[in-house]
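Student: I would like to go through this structure with you, testing each label against its definition.
Tutor: Good. Ask for the grounds each time.

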Amino acid sequence: MDYTLKDIKHIIIKKPLLLDSGKTLQDFPLAYETYGKLNESKNNAILVFHALTGDQFVTNTNPITKKEGWWSTAVGPGKAIDTNKYFVICANVLGGCMGSLGPKSINKETNKPYGLNFPFITIKDMVVAQESLLDHLGIKKLLSVLGGSMGGMQLLQFCTLYPEKSFSAVPIACTASHNAQQIALNELARQAIMADPQWKNGNYYDEQKFPKNGLAVARMAGHITYMSDSGLQERFGRKLHEKQNIEFSFDPDFQIESYLRHQGNVFVERFDANSYLYISRALDYFDLSKQFKNGLTEAFKNNKTRFLVISFSSDWLYPTKNSKEIVIALNASGANVAFAEIKTDKGHDAFLVDEPEFLKTIKSFLDSNFELFKNENRI
Amino acid sequence: MKIEFKIISNLIPNQARILDVGCGDGSLMQSLIQEKDIDARGIELEEENVKKCISKGLSVIEGNAENELDQFPDKSFDFVILSQTLQAFYNPENVLNHLLRIGKYVIVSIPNFGYWKVRTSLLFFGRMPVTKSLPNTWYNTPNLHMCTIKDFYEFCGDKNIKIEKIIGINDEKISSINRLNLEMKNLFSEVGIFLIS
């Protein structure tokens with residue numbers, strides 16, 4: 001997957017960004033994409049935060065991968081997040097591999113890709129970088145921020161750092177603090193990458209031989225956590241892959257095996273292994289409650305943003321109880337919050353697939369909040 | 001608007017902060033927002049109702065008031081409303097204590113089991129009553145703890161809960177209830193609305 005930065009919409013962030021890890025970044029690119037038109041009153045802007053392996057190409061055809069955007073089910077003309085009505089913005093996270101500064105970018109000091117010399121980044125660093133984009137686009141206050149999974153975590157961070165910058169917010173299938181199981185699963189993925197001999201301590205860019213096998217295994221493991229037991233059973237069961245009988249081999253006998261291998265193989269074409277390491281680490285370090293002396297309740301104190309927290313009944317990666325912790329903290333701090341658990345067997349992935357109840361809920365929330373936001377502006 | 005909603009609305013001053021417990025599809029919240037410019041939150045058990053509320057732009061959380069009221073801080077609302085739901089809880093006393101903790105005032109409405117039609121159903125026909133405000137039969141009713149206006153009046157006395165006002169509804173007619181007319185009103189009111197603190 002080759003592209004040069006000039007093919008991709010981006011801003012150069014000139015202001016020094018002091019990272020949580022202590023290093024400072026300056027004059028670095030942040031890639032982004034927008035959909036729809038910003039209206040005259042500039043009150044129809046929505047910022048979408050992407051998940052671990054997402055990018056700024058939310059909908060339409062991704063110009064780099066030539067695949068459909070990761071949230072095409074939800075974003076587009078006439079869709080739940082209607083680009084005929086709203087101006088949708090999404091940036092590639094810091095540490096990513098779709099134009100924003102990341103481990104595969106050239107380190108100006110050495111003229112070589114960063115690799116493991118890339119500084120450690122956090123969810124907060126990602127969010128601070130993205131905030132610069134609002135100034136660039138001339139947006140004082142967003143109609144809404146939306147994000148699922150890691151996108152939801154960025155959203156929570158955004159709403160605590162910049163409580164005045166968004167009228168409403170929809171954190172989806174996420175958590176305020178990565179727990180032991182979530183860290184464990186990320187560690188499994190990282191170890192798979194690092195165990196690949198091609199990884200070479202992150203110095204694989206020169207030879208054009210990437211740690212594809214390790215990254216594919218990481219993706220396969222990740223993919224299992226995105227689906228539910230019943231969802232998997234219904235879709236694959238024990239169905240065999242292009243054969244009538246089991247073949248007593250380690251080739252994919254079962255459909256679920258070939259499906260996972262396929263997911264792994266297509267992923268390595270578009271994603272950088274070091275980015276996976278750095279971003280998954282940022283997830284593990286995420287603990288919003290630790291940023292405030294009195295925990296999560298203090299995080300949302302005096303926050304006027306109108307929240308809609310959404311979880312999925314069969315999501316075991318970021319289960320409903322994680323979302324409820326957010327709801328409880330919001331209620332305890334007197335914030336404005338709605339919460340719905342969508343009943344589905346599609347697991348964590350439910351926010352990315354065509355899940356009508358979910359899409360209907362975010363559509364009605366956005367549309368009613370757009371009316372409220374317009375009235376607020378009038379007063 | 002339902003007569004009960006009108007009475008509740010009259011009890012609430014403009015711009016109050018309210019929590020509607022078991023808010024259903026949010027119609028009460030919505031009319032209070034329109035009429036009284038209140039700041040409203042709701043909690044509702046049924047997913048379908050929650051989605052209806054969200055589509056109306058209401059801040060309603062999906063949850064069970066039986067065990068999820070802890071999250072609201074003391075006196076964080078001016079009024080907490082519990083409309084014809086008290087009898088459906090496993091532990092109504094516990095729920096009520098929470099409501100009194102969360103709200104400066106609590107409005108509780110109860111379908112009155114002392115209503116004459118209810119009494120005659122049992123007395124003359126020997127059957128569990130099915131009326132307009134008690135539409136279910138014994139085997140599918142969500143109501144676990146039925147009580148009368150008089151029961152709730154005495155309960156408040158026993159528990160040192162201050163009764164600010166009681167209003168009875170009978171067939172679209174409303175009347176004020178006090179200690180003196182309690183026996184009569186307990187017989188002729190289909191629904192009782194208590195403002196307590």
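Student: What makes S5(B) and S8(B) a pair?
Tutor: Strands S5 (residues 103-111) and S8 of chain B share six bridges, in the antiparallel sense. Two strands pair if DSSP finds at least two bridges between them, so the label holds. At one position B:Val108 stands opposite B:Phe194 in S8(B). This is a predicted model: local features need pLDDT of at least 70, side-chain atom pairs count only at pLDDT 80 or more, and totals for chains, interfaces and linings use all residues. Residues are numbered from 1 along each chain as its sequence is written, while chains are lettered from A and ligands numbered from 1 in the order in which they are written.

Student: Which residues of chain B does strand S6 span, and how does S6 pair with S8(B)?
Tutor: S6(B) covers residues 163-170 and pairs with S8(B) in the antiparallel sense, over six bridges. Here B:Gly168 stands opposite B:Gly192 in S8(B). Helices (H or I, at least four residues) and strands (E, at least two) are DSSP runs, numbered from the N terminus.

Student: Why is S8(B) called mostly covered?
Tutor: Five of the six residues in S8(B), residues 191-196, are buried. Buried means 20 or more other C-beta atoms within 10 Å of the residue's own, exposed means 12 or fewer, and partly exposed lies in between; C-beta atoms are placed from the backbone.

Student: Why is A:Ser230 called exposed?
Tutor: A:Ser230 has 12 other C-beta atoms within 10 Å, so it counts as exposed. The residue sits in helix H5 (229-235) of chain A.

Student: What does A:Ser230 contact beyond its neighbours within four places in sequence?
Tutor: A:Ser314 and A:Asp345. Contact requires C-beta atoms, placed from the backbone, within 7 Å. A:Lys346 is 116 residues away from A:Ser230 in sequence, but 8.3 Å away in space, C-alpha to C-alpha.

Student: Where do the domain bounds of chain A fall?
Tutor: Domain 1 is 5-178 + 287-378, and domain 2 is 184-280. Such bounds come from an automatic or database domain assignment. The C-alpha centres of the two domains lie 26 Å apart. In contact are 23 residues of domain 1 and 19 residues of domain 2.

Student: How many residues does each chain bring to the contact between chains A and B?
Tutor: Chain B brings 15 residues and chain A brings 20 residues. On the chain B side, H3(B) gives the most, with five residues.

Notes. Contact = placed C-beta atoms within 7 Å.
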